[in-house]
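User: Could you walk me through this model before I set anything up with it?
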Amino acid sequence: MASHTRILLSLLFLSLSPLLTCCDKDPVHLHFYVHLLPNRTEVLVAKSDIPVPGSFYNFGSIVVLDNLITEGPENTSYPLGKTQGVMSVMNSLTVVWAANIVFTSGQYNGSSLAILGPDDITQPIRELAIVGGSGYFRMAQGYITIKTYSVNLNNGDAEIEVDLYAYLAKY
């Protein structure tokens, strides 16, 4: 009986081993800019009365995003897609992202990547996880790094520079 169990467990392990080595060796690397425009492409949907010093939003604020993604830092650069989702503001200069990078042109048109994680905007370089995707990026894993490219402290407008590294699932 014990040998049958070992054989079944071995077969199960062998059948799952392709999933354990989920991804291609070399990631897809993309470089682009996201334009954060409060009250235009970001809408405050929940607000508290607890201010966060140095932040455009209060602690506990929830913001819905539909931000433009472009090849270059100018909002007139070639549009690649949108960052769509939500971010919540922590009791520091940290926001938590739960969003999709949705490609609307180019090679990845119609595909998306799901991103998740905290973004401490006081740090020069931040990292968020890629936790999935669709289309070309179905079941992708990876990460993005974020750098603040520019910020307008009067109205909260900002451009962030993104380097994306997506590891594609093997089928």
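User: In what order do the elements of the protein run from the N terminus on?

Analyst: The order is α-β-β-β-β-β-β-β-β-β, which amounts to one helix and nine strands, where helices (H or I, at least four residues) and strands (E, at least two) are DSSP runs, numbered from the N terminus. This is a predicted model, in which local features need pLDDT of at least 70 and side-chain atom pairs count only at pLDDT 80 or more, while totals for chains, interfaces and linings use all residues. Residues are numbered from 1 along each chain as its sequence is written, and side-chain values use heavy atoms, with hydrogens and water left out.

User: Where is N39 found?

Analyst: N39 lies in the loop between β1 (28-36) and β2 (42-46), and its phi is near 70°, a positive value in a residue other than glycine.

User: And is N39 buried or exposed?

Analyst: N39 counts as exposed because its relative accessibility is 64%, given that exposed means over 50% relative accessible area, buried under 20% and partly exposed in between (1.4 Å probe, protein chains only).

User: What about the phi of M139?

Analyst: M139, which is not a glycine either, has a positive phi of about 65°, and this residue sits in the loop between β7 (126-134) and β8 (141-151).

User: Switching to the whole protein, what share of the residues is buried?

Analyst: Of the 171 residues in the protein, 40% are buried.

User: And how many of the contacts join residues at least 24 apart?

Analyst: Taking contacts (heavy atoms within 4.5 Å) between residues at least 6 apart in sequence, 46% join residues at least 24 apart.
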